[in-house]
Amino acid sequence: MAKIFYSYNHKTILNLYALLAAGAILTILPFSLLPYAGMACLLVGFIAAYIYRYRNRHDDFMRFHTTYAIRTMWWSTLILLIGVFLFGCILFFNGNLTAINALMAQAEKGVIANKADIGVMQAQFIYANKSLIILTGAITLLPCPLYILARTIKGAAMVKKRAET
């Protein structure tokens, strides 16, 4: 097996890909603050890619990989926006909206809902549509972090291949 030499730029790009991959994984996990930490990792990685690309604008290797990471983030944002739109449409057209309709009927009578009423309505809506929310979320929202993971793995493989030569 050949020895692999990683330069500073190789390590920097691998760290950038690791940060993006960690962010994608954390956004999937449904535990408390982990999705927020994942979004922070993705945002920091996105900003870092722009900074590295600017600082190393004459280095073709760094420019290629930072542009690759930036494109990954922009395409994943588009995928996420489409997913959120589809999620909302599917939930609106196929979900049980009785809790929302009841609150709207009260509003039409002039009764203004307070925070507690809205919280109760939200809990009723989630309870009535739990399986639909989980299934629709998996179908429409999961492609975004999976796309980021696939692209970061491919990018890291390209770095490794370049380091071997």
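Read along the sequence, the protein chain runs α-α-α-α-α-α-α, with helices taken as DSSP runs of H or I of at least four residues, numbered from the N terminus. The radius of gyration, taken over C-alpha atoms, is 22 Å, well over the 15 Å that the globule rule (2.2 Å times the number of residues to the power 0.38) gives for 165 residues, so the chain is more spread out than a compact globule. This is a predicted model, where local features need pLDDT of at least 70. Residues are numbered from 1 along each chain as its sequence is written.

**Helix packing**
- Helices α1 (residues 8-28) and α2 (residues 34-55) pack at about 155°, with axes 7 Å apart.
- That makes α1 roughly antiparallel to α2, a label for angles over 145 degrees.
- By class, their contact has 16 nonpolar, five polar and no charged residues; Ala, Val, Leu, Ile, Met, Phe, Trp, Tyr, Cys and Pro count as nonpolar, Asp, Glu, Lys and Arg as charged, and the others, Gly among them, as polar.

**Largest pocket**
- The lining divides into 24 nonpolar, five polar and no charged residues.

Definitions and conventions
This is a predicted model: local features need pLDDT of at least 70, side-chain atom pairs count only at pLDDT 80 or more; totals for chains, interfaces and linings use all residues. Side-chain values use heavy atoms; hydrogens and water are left out. Axes are lines fitted to C-alpha atoms, for helices over the stretch in contact, and angles run from 0 to 180 degrees between N-to-C directions. Helices (H or I, at least four residues) and strands (E, at least two) are DSSP runs, numbered from the N terminus. Angles under 35 degrees count as roughly parallel, over 145 as roughly antiparallel, 65 to 115 as roughly perpendicular and the rest as oblique.
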